[in-house]
Amino acid sequence: MSTPPSLPETARADGSPVRIGALVPLTRPGWVEAGRHLLAGLELAVDEVNDAGGIGGRPLDLVVRDTAADPLRAASAVDELARLGVAALAGEYHSVVARAAAARADALGLPFLCSSAVLDTLTDRPTDQVARLAPAQSHGWRIYADHLLGAGHHRIAVAAEPSVYWASGTRILRDHLTPRGGTVVELDMRTLTPADVCDALAGSGATALLLLVGAPEPAVPLVRAVRRDQRLTDILIGAPAGQPEFPGWVDALGEDGAAIPFLRYLPERLGPLGTRVGSALRERLATAPSFVAFEGYDTVTVLADVLRAHGTDRVRTAASWPRVAVEGTRGRIRFSRVPGMGVLQWAWAPVQVVDRDPARPDRFRVLHSG
């Protein structure tokens, strides 16, 4: 394994910046809204670190690369950032992309703090290089399944596109629901139109349809079709992956986008730090910050704490993950080994099932916490 050098220790004297590489989806087909919120959180935290004196008097510099939801592009960006001498990697939203970045970071010996991706198998093998803030998919989606059961939904249809992430989600739901009397009916979005989905739902006996698809396409046309089908007036639409979290959802669907439960990773009430950061993020984004923006902020907060304590040496940074104890916007962050996962994991960030209030789609309702 070839390990690119960390930033030279001799650079301390001349005040050269400490660089963190940031992987963010900023163009389509990436989820651009999520990328914008993630980047806002990363940048806000960097600004605050520098206002407080940086890392041992050296400025913290964020070197951003757009992944555009492309695993190959992300892996190439990791190579480039390693050559540029970044002390660590941060970010990424899309699980399949984060998986490619994590594999490359592990191979290069480059510490990677993953902000938002949730796929359980972020790496094929255990690694000391990668830590993660977001709850694993199996943890969050089981909580979501419990909400469905508690609301009386036992026959669940999933409209799914082909991907490792959606297939993993379907498997988690089935494994959790089946022993509890639930059933999962799969609808393959490679072959079905929104009208086809409505026809299949009408004869399926399902009381809920989960959108395991991208947004805005095909999620938005699917919601419109189901909402307008008189046969399906009583069916619940759900989106565990969080498509309704962002303002673009309301812009596209209006009232049709309300009452669609999804997962988000926030406590019911933010503490003083979270409240202050939330206000600053709202000003920066000109809209309410999503949980993804808080994940970005917490990522840099953790990395800054590690870099202050252990310097820019990559080996020491990776070795420090189990000793992290940092107050984040959503609670105290510590990393540990969780069975079945190859990365160091914050177990766990708070998890909520929420939806948009039909009376006021700009307001969220907390339906379930776990």
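Is threonine 301 buried or exposed? Threonine 301 is buried, with a relative accessible area of 18%; here buried means under 20% relative accessible area, exposed means over 50%, and partly exposed lies in between (1.4 Å probe, protein chains only). Keep in mind that this is a predicted model, in which local features need pLDDT of at least 70 and side-chain atom pairs count only at pLDDT 80 or more, while totals for chains, interfaces and linings use all residues. Residues are numbered from 1 along each chain as its sequence is written, and side-chain values use heavy atoms, with hydrogens and water left out.

**Helix H10**

- Let's start with the helix that holds threonine 301, which is H10; helices (H or I, at least four residues) and strands (E, at least two) are DSSP runs, numbered from the N terminus.
- H10 has 20 residues and covers 29 Å from its first C-alpha to its last, close to the expected 28 Å, where the expected span is 1.5 Å times one less than the number of residues.
- Of the 20 residues of H10, 16 are buried, so the helix is largely enclosed by the rest of the structure.
- After H10 comes glycine 311, which has a positive phi, near 75°.

- Threonine 301 is in contact with Ala45, Val326 and Glu327, leaving aside its neighbours within four places in sequence; contact means heavy atoms within 4.5 Å.
- Glutamate 295 also sits in H10, which runs over residues 291-310, and glutamate 295 is buried with a relative accessible area of 0%.
- Not counting residues up to four places away in sequence, glutamate 295 touches Ser115, Ser116, Leu133, Ala134, Tyr265 and Arg330.
- Histidine 37 lies 258 residues from glutamate 295 along the chain, yet their C-alpha atoms are separated by 9.2 Å.

**A three-stranded sheet**

- Strands of a sheet pair through backbone hydrogen bonds, either parallel or antiparallel.
- In this model, three strands form an open sheet in the order S10-S15-S16, with antiparallel pairing; two strands pair if DSSP finds at least two bridges between them.
- The edges of this sheet are strand S10 (262-264) and strand S16 (360-369), each of which pairs on one side only.
- Neighbouring strands of the sheet are turned by 45° against each other on average, direction ignored; the axes are lines fitted to C-alpha atoms, for helices over the stretch in contact, and angles run from 0 to 180 degrees between N-to-C directions.
- Strand S15 (residues 352-357) pairs with S16 in the antiparallel sense over six bridges.
- To see strands facing each other, look for arginine 356, which stands opposite phenylalanine 364 in S16.

**Salt bridges**

- Side chains of opposite charge can pair when their charged atoms come close.
- The model has 18 salt bridges, each being a side-chain nitrogen of Lys or Arg within 4 Å of a carboxyl oxygen of Asp or Glu.
- Arginine 73 and aspartate 66 meet in one of them, at 3.4 Å from N to O; arginine 73 is partly exposed at 41% relative accessible area, whereas aspartate 66 is buried at 16%.
- Aspartate 188 and arginine 190 form another, at 2.8 Å from N to O; aspartate 188 is partly exposed at 27%, and arginine 190 counts as exposed at 61%.
- Arginine 360 pairs with aspartate 362, their closest N and O atoms being 3.3 Å apart; arginine 360 is partly exposed at 41%, while aspartate 362 counts as exposed at 52%.
- Asp199, Asp229 and Arg231 are joined in a network of salt bridges.
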